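Please walk through this model with the sequence and coordinates open.

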Amino acid sequence: MAEKKFLIVMRSGPIPGSSYFIEKDEVFLGRDLANDLPVPDPEISRRHARFLRRGDSVYIEDLGSTNGTFLNGVRIAGPQQLKDGDLITLAENTVMSFEVKGAATEPLRVSAGKAEPALYTPEAPVQAAYQPVPAPVPQQPVAPAPTPVREKKKVGWCLIVLLILLALVLIVGVVLIFMPASWWCALTFNQLPGCPIY
């Protein structure tokens, strides 16, 4: 039986078409260059996720990233086993596919119209002969049609103006009631009974 090889192919993101073999038991992925798989995307955390190889299985685990790790469109909270063809989305823009290859199958690099086997080194990722798949675009909820608010604003302003006028009448009334008699005389030019005549 041929030994399985596990391959990560970046479909879209900063380096579309790049391929990475998962050869170690633990492979770290993130924005920091110290990771096994550095991905230069500002939306990805410094240490975003990791791949865990256990026998003939590979798992992916989010390491508490800010923008999340998604497996086939669903955000993961714990380690999830990967299957051939699974799509892994990091943040919003980077999409990778997980592929299982037999020992005889190698990723191909297309150059000058012919395909040739690619050699993998961790420093230089292999270019795969795949077309990048655009990242899934989240569906935006459709907003309901705006309700006319012009009448509400008109009623609101009228109510405010009416309250201000009522307050002014009330203040003037209180002042007139409690105003000293000398002011009344002054207002009526001493025409009221009891006002001093000059």
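A salt bridge here is a side-chain nitrogen of Lys or Arg within 4 Å of a carboxyl oxygen of Asp or Glu. Side chains of opposite charge can pair when their charged atoms come close. The model is predicted: local features need pLDDT of at least 70, side-chain atom pairs count only at pLDDT 80 or more, and totals for chains, interfaces and linings use all residues. Residues are numbered from 1 along each chain as its sequence is written, and side-chain values use heavy atoms, with hydrogens and water left out.

How many salt bridges does a search of the whole structure find? The search finds 5. One of them joins Asp36 and Lys24, at 2.7 Å from N to O. This pair links distant parts of the chain. Asp36 sits in the loop between E3 and E4, Lys24 in the loop between strand E2 (18–21) and E3, 12 residues apart. Strands (E, at least two residues) and helices (H or I, at least four) are DSSP runs, numbered from the N terminus. Asp36 counts as partly exposed because its relative accessible area is 26%. Lys24 is also partly exposed, at 44%. The cut-offs are these: buried is under 20% relative accessible area, exposed is over 50%, and partly exposed lies in between (1.4 Å probe, protein chains only).

Glu26 and Arg50 form another salt bridge, 2.3 Å from N to O. Glu26 lies in strand E3 and Arg50 in strand E5, 24 residues apart. Glu26 is partly exposed, with a relative accessible area of 30%.

Now take Glu99 and Arg11. Their closest N and O atoms are 3.1 Å apart. Glu99 belongs to strand E11 and Arg11 to strand E1, so the pair ties together parts 88 residues apart in sequence. Are these two residues buried or exposed? Glu99 is buried, with a relative accessible area of 8%. Arg11 is buried too, at 13%. Salt bridges that share partners join Arg11, Glu99 and Lys101 into one network.

Next comes the core. A nonpolar core is a set of buried Ala, Val, Leu, Ile, Met, Phe, Trp, Tyr and Cys residues joined through side-chain atoms within 4.5 Å. The largest one has 22 residues, and Phe51 and Ile88 have the most contacts inside it. Strands E1 (5–12), E3 (26–30), E5 (49–54), E6 (57–62), E10 (87–90) and E11 (94–101) each supply at least two residues. E1 gives the largest share, 3 residues. Leaving aside neighbours within four places in sequence, Phe51 is in contact (heavy atoms within 4.5 Å) with residues including Ile8, Val27, Leu29, Ile60 and Ile88.

Asp41 lies in the loop between strand E4 (37–38) and E5. It is buried because its relative accessible area is 6%. Beyond its neighbours within four places in sequence, Asp41 contacts Pro14, Arg31, Asn93 and Thr94.

Helix H1 (residues 150–177) contains Val161. At 46% relative accessibility, Val161 is partly exposed.

Finally, confidence. Over residues 103–131 the pLDDT is below 50. Beyond near neighbours in sequence, this stretch has 49 contacts in the model.

How values were computed:
pLDDT is the predictor's confidence in each residue, from 0 to 100.
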